Amino acid sequence: MRILFAGGGTAGHINPALAIAGYVKKQNPNAEILFVGNKGGMEERLVPHSGFKFKSIVISGFRRSFGVKAVGHNIATVKRMFTSSVASKKIIKEFKPDLCVGTGGYVSGPVLRTAAKMGIPIIIHEQNAYPGVTTKMLSKLAKKVMLAIPDAKKHLDKGLDFVVTGNPVRQEILSVNRNEARKELGLDERPVVLSFGGSLGARKINENLADLIARSGKDGKYQHIHAYGQYGKWFPDLVKEKGVDIEKCSNIDIREYINNMATCLAAADVVISRAGAITLSEIQAQGKPAVLIPSPNVAENHQYHNAMALVNKKAAEIIEEKDLTPSLLIKKVDKLLESKEVLEEYSQNARKMAIVDANERIYQVIKEVIAG
């Protein structure tokens, strides 16, 4: 079994590929796996760190403006489309894969298109409720289109061979329970709010969360774990301006980054976050009600569609960033936490949406397509 993975640009494209590859190796230790990603991309660091072989090509996406820099960039992108296809063909010829798997990002485009032209079967995995441009283009060439969310099907051409697999969820997310997590974190039985805006942080989320955290610091009603991110180091000072010294509040845990996310997620009663596909899959796996604030700065506004898939099932609340205010955020959190019945309803609905055997489903697709 020789499998070539292509995907990158963001952790949302890279981590699912790494999870699938790890599961394949666990089930079939003799499997040969190669990743192809963009030179200088995040994948160039993450893939070798995970123990997999990596080859790079040079590719970029198109910019949608008509400024001088954008036009120059787009001309260079057209040239890279040709050179990346040539580089992909060379890699594929040398590796001789039985199958190519694409997990999204524009780097997967030339690799999978070239593989399909060479007669090698391709499959793609779409993490989001609203498929990206690359998925839409490649789906017509794929033997199977694997979807994380059933809603994605309505945005793709009819007649394609779809299968709902879910997103790969890390084993540690599935194995930690609430009581163990709370004991490990030294938390009591008061409600726990977990909030984060990504590893870099999200200014709007930080600014609007400060009031909720300051209130908890004063009344002790909720316990709160918050990650302000790499660019949010000003956040503790903002809370202090609102009359709360975080260091004196045992119910507030503020940090730059959450390294023990599985434990913090298991301990939480409500999560406040963006609406990235993998984050939502982990929230569902743990059955956690959420207040989702989709990032407006992503392709095709896909985080909004991801969030609405949960909102429509009454598994989450949504606040679009343009509507975000401290008072609305507090209102949404209180709505969930002040009623055990509401909290339990949202929790059960989130858990019903979870697909916890995604890796096995994807592995079965891989075996089926290779077998022909």
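A nonpolar core, as the term is used on this tour, is a set of buried Ala, Val, Leu, Ile, Met, Phe, Trp, Tyr and Cys residues joined through side-chain atoms within 4.5 Å. Keep in mind as you go that the model is predicted.

**Stop 1: the core**

Start by selecting Leu 194, Ile 258, Val 271 and Leu 292, the residues with the most contacts inside the largest nonpolar core, which has 31 residues. Next, colour the elements that each supply at least two residues of this core: strand 8 (192-196), strand 9 (223-227), helix 10 (261-267), helix 11, strand 12 (290-292), helix 12 (302-311) and strand 13. Which of them gives the most to this core? Helix 10 does, with six residues.

Now centre on Leu 194. Leaving aside its neighbours within four places in sequence, you will find Leu 194 in contact with Ile 225, Ile 258, Met 261, Cys 264, Leu 265, Ala 268, Val 270, Val 271 and Ile 272.

**Stop 2: helix 14**

Move on to residues 340-353, which make up helix 14.

**Stop 3**

Now bring up the open sheet of seven strands, paired in parallel in the order 3-2-1-4-5-6-7. Strand 3 (53-57) and strand 7 (162-164) stand at the edges; each has a single partner strand, so one side of each is left without a neighbour in the sheet. From one strand to the next, the twist averages 25°.

Zoom in on strand 1 (residues 2-6) and strand 4 (residues 99-102), a parallel pair joined over four bridges. Here Phe 5 stands opposite Val 101 of strand 4.

**Stop 3: helices across the sheet**

Finish with two helices. Helix 1 (residues 11-27) lies across strand 1 and strand 2 (32-38), and runs at about 170° to strand 2. Helix 15 (residues 358-371) lies across strand 1, strand 4, strand 5 (122-126), strand 6 (144-147) and strand 7, with a direction at about 180° to strand 6.

How values were computed:
Residues numbered from 1 in each chain as written. Predicted model: local features only at pLDDT ≥ 70, side-chain atom pairs only at ≥ 80, totals over all residues. Heavy atoms only, no water. Expected span 1.5 Å × (residues − 1). Pairing = 2+ DSSP bridges. Axes fitted to C-alpha atoms, helices over the stretch in contact; angles between N-to-C directions. Contact = heavy atoms within 4.5 Å. Buried < 20%, exposed > 50% of the residue type's maximum accessible area, 1.4 Å probe, protein only.
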